[in-house]
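Please read them with the structure open.

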Amino acid sequence: MNLFRKNKKVLSIPDGFTIDDIKIEASICTGEKIIGFYDKSSKKLMYAELVRNDDDISEFYRKYGIK
């Protein structure tokens, strides 16, 4: 029984984006990775988050209710 467990909200996928728009980009210099929704018109990642390990990627998918 987890008394102190937080119920995390599931966010909806932002308007204008689909599951197919999720992309991971890595920096050439540092190798730092970010995940977000790729906007084809501006060629930028929107709603981007830092990725330190595979758990961060899983958390991103869980955050938006994607399995």
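1. Ground rules. Helices (H or I, at least four residues) and strands (E, at least two) are DSSP runs, numbered from the N terminus. By that rule, aspartate 56 lies in helix α1, residues 54–63. This is a predicted model, in which local features need pLDDT of at least 70 and side-chain atom pairs count only at pLDDT 80 or more, while totals for chains, interfaces and linings use all residues. Residues are numbered from 1 along each chain as its sequence is written, and side-chain values use heavy atoms, with hydrogens and water left out.

2. Strand pairing. Two strands pair if DSSP finds at least two bridges between them. β1 and β2 run antiparallel and are joined by five bridges. Lysine 23 stands opposite glycine 36 in β2. β2 also runs antiparallel to strand β3 (residues 44–51), with six bridges between the two. There, isoleucine 34 faces leucine 50 of β3 as its opposite residue.

3. The β1–β2 hairpin. Six residues sit between these strands, and glycine 31 takes a positive phi near 80°. Is serine 27 buried, exposed or partly exposed? Its relative accessible area is 30%, so it is partly exposed (buried means under 20%, exposed over 50%, partly exposed in between, with a 1.4 Å probe and protein chains only). The side chain of serine 27 makes a polar contact with that of threonine 30, at 3.3 Å. A polar contact is a pair of N or O atoms within 3.5 Å; within protein, one must be able to donate a hydrogen and the other to accept it, and residues adjacent in sequence count only if both atoms are side-chain atoms. The C-alpha atoms of serine 27 and alanine 48 are separated by 14 Å, and the two residues are 21 apart along the chain.

4. Two positive phi values to check. The hairpin of β2 and β3 has four residues between the strands. Lysine 43 lies in that loop. Its phi is near 55°, positive in a residue other than glycine. Lysine 43 is exposed, at 62% relative accessible area. Tyrosine 47 is not a glycine either, yet has a positive phi of about 55°. Tyrosine 47 belongs to strand β3. With a relative accessible area of 48%, tyrosine 47 is partly exposed.

5. Aspartate 56. The side chain of aspartate 56 does reach the backbone nitrogen of arginine 52, at 2.7 Å. Leaving out residues up to four places away in sequence, aspartate 56 touches Leu50 and Val51 (contact means heavy atoms within 4.5 Å).

6. Aspartate 21. This residue sits in the segment before β1. Aspartate 21 counts as buried, at 11% relative accessibility. A polar atom of its side chain lies 2.9 Å from the backbone nitrogen of threonine 18. Not counting residues up to four places away in sequence, aspartate 21 touches Gly16, Gly36, Phe37, Tyr38 and Lys40.

7. Aromatic pairs. Rings of Phe, Tyr and Trp (its six-membered ring) pair if their centres lie within 6.5 Å; planes under 30 degrees apart count as stacked, over 60 as edge-to-face and the rest as tilted. The structure holds seven such pairs. Phenylalanine 17 and tyrosine 47 are edge-to-face, 6.2 Å centre to centre with 90° between the planes. This pair links distant parts of the chain, 30 residues apart: phenylalanine 17 in the segment before β1 and tyrosine 47 in strand β3. Phenylalanine 17 is buried, at 16% relative accessible area.

8. Phenylalanine 37 and phenylalanine 60 form a tilted pair, 5.6 Å centre to centre and 45° between the planes. Phenylalanine 37 lies in strand β2 and phenylalanine 60 in helix α1, so the pair ties together parts 23 residues apart in sequence. Both phenylalanine 37 and phenylalanine 60 are buried. Phe17, Phe37, Tyr47, Phe60, Tyr61 and Tyr64 form one aromatic cluster.
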